[in-house]
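Thanks for making time this morning.

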Amino acid sequence: MTYQDTVNWMFQQLPMYQNQGKTAYKANLDNTLQFAEHLQHPEHNFKSIHVAGTNGKGSTSHMLASILQEAGYRVGLYTSPHLKDFRERIKINGKEIEETFVVEFIEKHRSFFETHSLSFFEMTVGMAFEYFSVEKVDIAVIEVGMGGRLDSTNIITPELSIITNIGLDHTQFLGNTLEAIAFEKGGIIKPNVPVVIGETQLETINVFKALAEERQADVHFADQQEAITSYESDLKGDYQKNNKTTVLCAISVLRDEGYNIPGEAITNGFMKVVINTGLNGRWQILQEHPKIICDTAHNKEGLQYAMAQLLKEPYKVLHMVFGVVNDKDLSSILPLLPKNARYYFCKPNIPRGLDAEDLRGVFITNGFQGKAYSSVQEALSVAKQQATTSDVIYVGGSTFVVAEII
């Protein structure tokens, strides 16, 4: 098979949360562990950092990888979902996994996938771990897909665990309270492995303390550390301030463990996140006059930061190109969105996308104004036609909306 044939097969044959949602979720690690054994446990052959959290885990992972690269390490980076190409999920020093590796890996293990009915994510995690093992990375930054305790990535024993924050997202899988979700994400805390918690939250602090104590893991609350020098970054979202605090605390712990990370590597790493890792879609300015901003924030915690920053922008008229997935809790995000804006409703081009007319209906009922369009591209095209040079266009609501326009 060609690379495209291989990727198409991966997407079509196996359950994929990105497309199918709840039916693709597996509440155990049985397949992952069987596959790891089949591969002779590649996850034992490299050091790692494990990153979980409701928001910010992607940016945090990319920042950390960038800083470690600048410090001279060969750094693996596993993240999800991808925006354009599957290979964005698996990188070493910012370079995507080779197409040939993907094709050969799938061909070699295809009978195992079919016999054991592996999910898309289970298969991809195995591929990433095998790649990092074969390529002999010094350390890999591994982002959790969802939750933590039962996530396929949770077969590693890392040098450091990081949990950025806890919010009410994926409640159908992780629980309806912050405490329940914290317990699931706290599942990545390993015996005698330090853990950094990005944000201290009243509802979750005791959950993390109890889990850390039970596993004899040193726990560090990043936002309780002494104020550290502020660093500029090429990631311009206001919400990156919290992620930077988390990363700096993580760097401090890694230094205590013997990692050589000079101050210059931190400065340069923060400033070159996009160059070093290829991260896209985080408060990304696509053009000026009219200014077009896209951001992958898609839940209450993420959107409150993005909308606060958006409302600081000078504009005559605000145009919102907006789409969501069909399991999104709209009641939690509607109060955060500006009503004095013109909306262009659209459906991201995945099976889980919420129909644009249905989305428009909910918004109109709640006092918003706008029209539905047949695609993200059409919605953006019309917004561009209607906007003047002194307006702002925001594109977001879902990672998958952003993926279609960058």
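What follows is a short walk through the fold, the surface and the strand pairing.

Please keep in mind that this is a predicted model, in which local features need pLDDT of at least 70 and side-chain atom pairs count only at pLDDT 80 or more, while totals for chains, interfaces and linings use all residues. Residues are numbered from 1 along each chain as its sequence is written, and side-chain values use heavy atoms, with hydrogens and water left out.

The protein has 17 helices and 14 strands, where helices (H or I, at least four residues) and strands (E, at least two) are DSSP runs numbered from the N terminus. Its radius of gyration, taken over C-alpha atoms, is 21 Å, close to the 22 Å that the globule rule (2.2 Å times the number of residues to the power 0.38) gives for 406 residues, so the protein is as compact as a globular protein of that length. The C-alpha trace spans about 55 × 55 × 40 Å along its principal axes.

Of the 406 residues, 58% count as buried, meaning under 20% relative accessible area with a 1.4 Å probe, protein chains only.

Turning to the sheet, 8 strands form an open, mixed one in the order S4-S3-S2-S5-S1-S6-S7-S8, with two strands taken as paired if DSSP finds at least two bridges between them. Strands S4 (95-96) and S8 (219-221) stand at the edges with a single partner strand each, so one side of each is left without a neighbour in the sheet. Strand S6 (residues 160-163) runs parallel to strand S7 (residues 195-197), joined by 3 bridges, and Ile163 has Ile197 in S7 as its bridge partner.

Methods: Buried < 20%, exposed > 50% of the residue type's maximum accessible area, 1.4 Å probe, protein only.
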